[in-house]
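Morning, everyone. Let me put the model on the screen, and then we'll walk through a sheet and a helix pair.

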Amino acid sequence: MKEIGERVKEQKGAKRVRRKLDKQQVAEIFAECAMLLELKGENPFRIRSFVNTARQLRALEGDVGEMLATGEIAQVSGIGKGTIERLEEIAKTGTLAEYEALKQAFPAGLLEMLKVPGLGSKKVRALYERLQISSLGELEYACRENRLLALEGFGVKTQENILKGIDHVKRFQGRFLVSVARRVAERFLLELRGLVEVERAEVAGSLRRWKETVKDVDLVVATCEATKVMDWFVGHEWVASVVGHGPTKSSVVLGNGLQVDLRAVSREQYPYALMHFTGSKEHNTVMRGRAKDRGMKLNEYGLFRGEELVRCEDEAAIYRALDLYEIPPEMREDQGEFERAVEPLATLVTRESLRGVFHAHTTESDGSARLEEMAEACRARGWSYLGISDHSQSAHYANGLTVERVLRQHEEVEALNQKWSDFVILKGIESDILVDGSLDYGEDILARFDFVIASVHSHFKMTEEAMTARIIKAIEHPATTMLGHPTGRLLLSREGYPLEMTQIIDAAIAHGVIIEMNANPYRLDIDWRFLAKACARGLLVSINPDAHSIEGLEDVVFGVGSARKGGLVPAQVFNTWPREEVQRWLVARKRRAIGEADA
DNA sequence: GCCGTTTTCGGCCCGACTGTTTTCAGTCG
């Protein structure tokens with residue numbers, strides 16, 4: 001096995017002479033340019049092109065520098081001559097002269113101000129030029145001094161809304177975990193569907209697409225008494241303030257700061273409206289373009305040929321009318337789904353297709369339920385196995401298991417497994433990946449587990465090269481069955497450690513290691529954006545709840561949502577396989593590991 | 001800025017609601 005130092009040298013050698021371009025950083029330059037150009041009042045289509053470039057770069061699979069060198073980058077839609085010149089400038093100088101000039105022209109605080117709901121580029125520019133306000137703090141102060149009233153186009157109401165908006169930005173960063181938004185949405189749906197005026201109701205927006213975080217909750221109802229439904233909605237007990245209240249559209253903010261939007265349409269308009277408000281914006285743009293190409297027009301009220309409605313009973317029919325097969329809501333991101341939908345899409349993984357779970361903790365380490373309780377909870381869900389995985393010995397903070405406690409737990413598992421004919425507990429461990437990339441027990445102990453999840457829990461501050469090498473070393477360990485939460489990110493609170501994910505995925509495929517889709521709503525790690533291409537290359541994924549309680553087992557629904565975004569079908573998800581196949585695979589994996597270790 | 005059986009210019013998706021207006025710009029999705 002190679003040492004980490006050697007590997008780092010090899011990788012550096014392989015990178016050739018060109019400066020490494022970090023696509024996220026490059027994308028950020030284009031995204032910021034777009035905002036600054038908006039402040040400048042540039043041509044909106046030029047701005048859109050910058051936004052599009054940022055988006056394309058973020059979604060890019062390969063290395064930007066490489067693609068630039070080979071000319072492959074020109075194949076990416078929306079990237080033309082001008083963008084290529086800019087990318088070359090960044091490769092050469094590390095930045096863009098135009099970007100630096102824009103940053104000189106507009107203080108960084110203006111970009112913060114743009115995050116305030118209701119403040120767009122025009123208003124921010126007016127505040128800056130007329131009142132010399134250039135930060136959130138200054139803006140808040142100016143509102144409290146009533147100074148905005150002097151500006152044309154600003155009034156008392158605007159000033160109040162800006163103050164509320166600043167509070168919102170400061171308190172919530174403007175985004176919420178999918179789990180928080182789901183709970184809210186399901187309660188509203190239940191109540192809406194109970195109203196006599198409501199014929200149909202559904203969640204739309206990024207929540208229906210199962211994005212990992214959302215800005216708001218979008219709801220769509222079919223009704224012929226929209227006004228009554230809207231009045232009910234804005235009067236709901238959870239509503240803290242009403243942002244908008246019209247006959248077809250209302251927006252409210254709840255006590256926890258989450259905004260909920262409700263749109264009402266007729267029964268006939270419902271499929272079109274549901275599709276329109278599910279989005280994404282990028283997906284809709286392509287759909288409307290397809291409609292236009294075919295001499296039609298698509299909006300939330302219908303698909304029209306001239307004045308005449310092209311009747312569609314459901315969303316599937318709208319796709320068919322535009323020569324596509326139905327695209328599941330989760331995949332509507334304009335991230336390659338249109339290319340796939342020229343033929344019928346395979347049925348995606350569902351909550352119901354899971355037959356068991358891996359990665360759950362018990363009171364033995366830092367869980368809140370005992371082993372037997374966790375197992376019974378899984379049985380009650382109709383699952384046929386539970387892969388238990390408490391923390392390993394180095395995880396002192398989580399009461400990790402010493403060798404003696406591991407052996408004792410194995411006895412307990414074996415005793416419990418006598419109880420059931422329809423269910424089995426698989427012996428596992430969530431082994432820390434130590435700083436040098438090794439696992440947390442000796443070979444003899446590791447060999448006793450049915451499976452081993454290897455995860456990083458400490459020493460986050462490493463260089464990208466060192467962290468990548470550390471994790472690859474763990475993947476190469478013969479005892480490793482799965483890689484746990486690959487980036488360590490905590491959504492809305494902690495960035496993942498730096499990592500070259502493509503290399504990690506390549507190593508996992510090469511060594512037959514499963515990568516976990518950690519379904520904890522704070523993690524959703526591996527990121528769904530990697531899944532489609534990785535699984536097409538042979539990566540196997542497992543949707544793991546990382547449950548620390550019985551309720552935590554239900555977190556699998558969030559993992560399923562993310563896996564569906566990545567377009568995963570059941571065969572690509574390990575824990576949808578029949579138990580016998582899972583066990584056979586694990587045994588074969590261990591045999592191979594023993595062979596590798598002996599060799 | 002990008003793109004083209006529409007090809008070197010002209011178009012680029014579309015509609016609701018708010019606030020400050022008195023006919024509409026700005027913002028949002």
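Two strands count as paired if DSSP finds at least two bridges between them. Strands (E, at least two residues) and helices (H or I, at least four) are DSSP runs, numbered from the N terminus.

Ground rules. This is a predicted model, where local features need pLDDT of at least 70, side-chain atom pairs count only at pLDDT 80 or more, and totals for chains, interfaces and linings use all residues. Residues are numbered from 1 along each chain as its sequence is written, chains are lettered from A and ligands numbered from 1 in the order written, and side-chain values use heavy atoms, without hydrogens or water.

Now the sheet. It is open, has 7 strands, and runs β11-β12-β13-β14-β15-β16-β17 with parallel pairing. β11 (356-358) and β17 (541-544) are the edges; each has a single partner strand, so one side of each lacks a neighbour in the sheet. β11 pairs with β12 (residues 385-391) in the parallel sense, over 3 bridges. There, F358 stands opposite G387 in β12.

Which strands does helix α18 lie across? Helix α18 (residues 371-380) lies across β11, β12 and β13 (424-432), at about 145 degrees to β12. Angles run from 0 to 180 degrees between N-to-C directions, and axes are lines fitted to C-alpha atoms, for helices over the stretch in contact.

Next, the helix pair. The axes of α21 (residues 464-476) and α22 (residues 501-511) come within 9 Å and cross at roughly 10 degrees. That makes α21 roughly parallel to α22 (angles under 35 degrees). Contact means heavy atoms within 4.5 Å. Among the α21 residues meeting α22 are I471, I472 and I475.

Definitions and conventions: Angles under 35 degrees count as roughly parallel, over 145 as roughly antiparallel, 65 to 115 as roughly perpendicular and the rest as oblique.
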